[in-house]
Structure formats: structure tokens, C-alpha cells
Amino acid sequence: MRASDDVRLARAYLCGVAEPPAPALAALVAVLGPQEAAARVRRGQVPRRVAKETGARCGRELAGQRLRAAEAVGARLLVPEDDDWPLAALLACARSGYPHLAAPLALWVRGTKPLVPLTERSVAVVGSSACTGYGSHVAGSLGLR
């Protein structure tokens, strides 16, 4: 099953307004669902901890543009509502006992292969969309190995 376009758009918006792992935002999404959480973030009607994670970028409406750009390069936004969501690997992160961690709201994935079989024996390099030059260099070096 594939998530609805509205759910995917809401999660794309939420990924763009908070720097991961954003545990307060993840908790809000878990309670309200992605669409209602996105609507409240846009209106600024969120608890203080969520506002702290999202306040700087909540007015940026780039979700549709990012989804189209991803599609243009053969990428997609995988969300927990998709059957292909790699639940087992991400639950380990969410259950780690560290309150500052949270499972991601979505994953940008390049390619069309089912992700679950590919993640059974894999490593991920996860970073920021606003990383430093050094961070970009290191992630690129690791990705080539």
C-alpha cells in the first residue's frame, strides 16, 4: 500500500521545517497524525517544545517543490504509512532509551527497489540538509566505499 498524496505532502513539509531527530515533533505526529500536525505547525498552534524545533522554518512551504525535485532525479519520499517502510531498523532507534532521539518522519530514497530487503544488512549515513562543508565531504567519502 502507498500512502496518500496528502500524507506524503504533510510529511515532506514536516521534514523541511525541523532538523532531525526532532523528538517533540515526532511525538506530536504520533498523537495527531502527519496532516493535523502539519496544519498546527503551520498555524503555530503547537506546544513550546515543538515550536522550538519548527519555529524558524514553519512558514516555508517547499514540500511540493521538494517532492517534484526528488521525482526528477529518480528519488521518492518514503513514509511510515507506506508498506515499504523499514520498520524494524527504525524501531531500534526509537526504542534506544535516549530521549533526544526519534525515528525519522520520512526517508528520502533514490531508486525504485523495495527498501525492506535492502535494509536487512545495511548501514546508513544520515545527516543534515544544512550540513557543514566538512560534513558533506565525510558523508561523500563514506558513500563511495
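Are Arg8 and Asp82 buried or exposed? Arg8 is buried, and Asp82 is buried as well; buried denotes under 20% relative accessible area, exposed over 50%, and partly exposed the range in between, with a 1.4 Å probe and protein chains only. The structure is a predicted model, in which local features need pLDDT of at least 70 and side-chain atom pairs count only at pLDDT 80 or more, while totals for chains, interfaces and linings use all residues. Residues are numbered from 1 along each chain as its sequence is written, and side-chain values use heavy atoms, with hydrogens and water left out.

The side chains of these two residues, Arg8 and Asp82, form a salt bridge with an N to O distance of 2.9 Å. The term salt bridge requires a side-chain nitrogen of Lys or Arg within 4 Å of a carboxyl oxygen of Asp or Glu. Arg8 belongs to helix 1 and Asp82 to the loop between strand 1 (75–78) and helix 6 (87–94), so the pair ties together parts that are 74 residues apart in sequence. Helices (H or I, at least four residues) and strands (E, at least two) are DSSP runs, numbered from the N terminus. By the salt-bridge rule, the count comes to eight.

Attention now turns to the nonpolar core. Such a core is a set of buried Ala, Val, Leu, Ile, Met, Phe, Trp, Tyr and Cys residues joined through side-chain atoms within 4.5 Å. The largest one holds 25 residues, of which Tyr13, Leu14, Leu25, Val41 and Val50 touch the most other members. Two or more residues are given to this core by each of helix 1 (5–17), helix 2 (23–32) and helix 3 (34–43). Helix 1 supplies the largest share, six residues. When neighbours within four places in sequence are left aside, Val50 is in contact (heavy atoms within 4.5 Å) with Ala24, Leu25, Leu28 and Val41.

Helix 3 also carries charged pairs. Arg40 and Glu36 form a salt bridge whose closest N and O atoms are 2.8 Å apart. These two residues are four apart in helix 3, so about one helical turn separates them. Arg40 is partly exposed, with a relative accessible area of 30%, and Glu36 is likewise partly exposed, at 31%. Glu36 forms a salt bridge with Arg43 too, the closest N and O atoms being 3.8 Å apart. Arg43 is partly exposed at 48% relative accessible area. Through shared partners, salt bridges join Glu36, Arg40 and Arg43 into one network.
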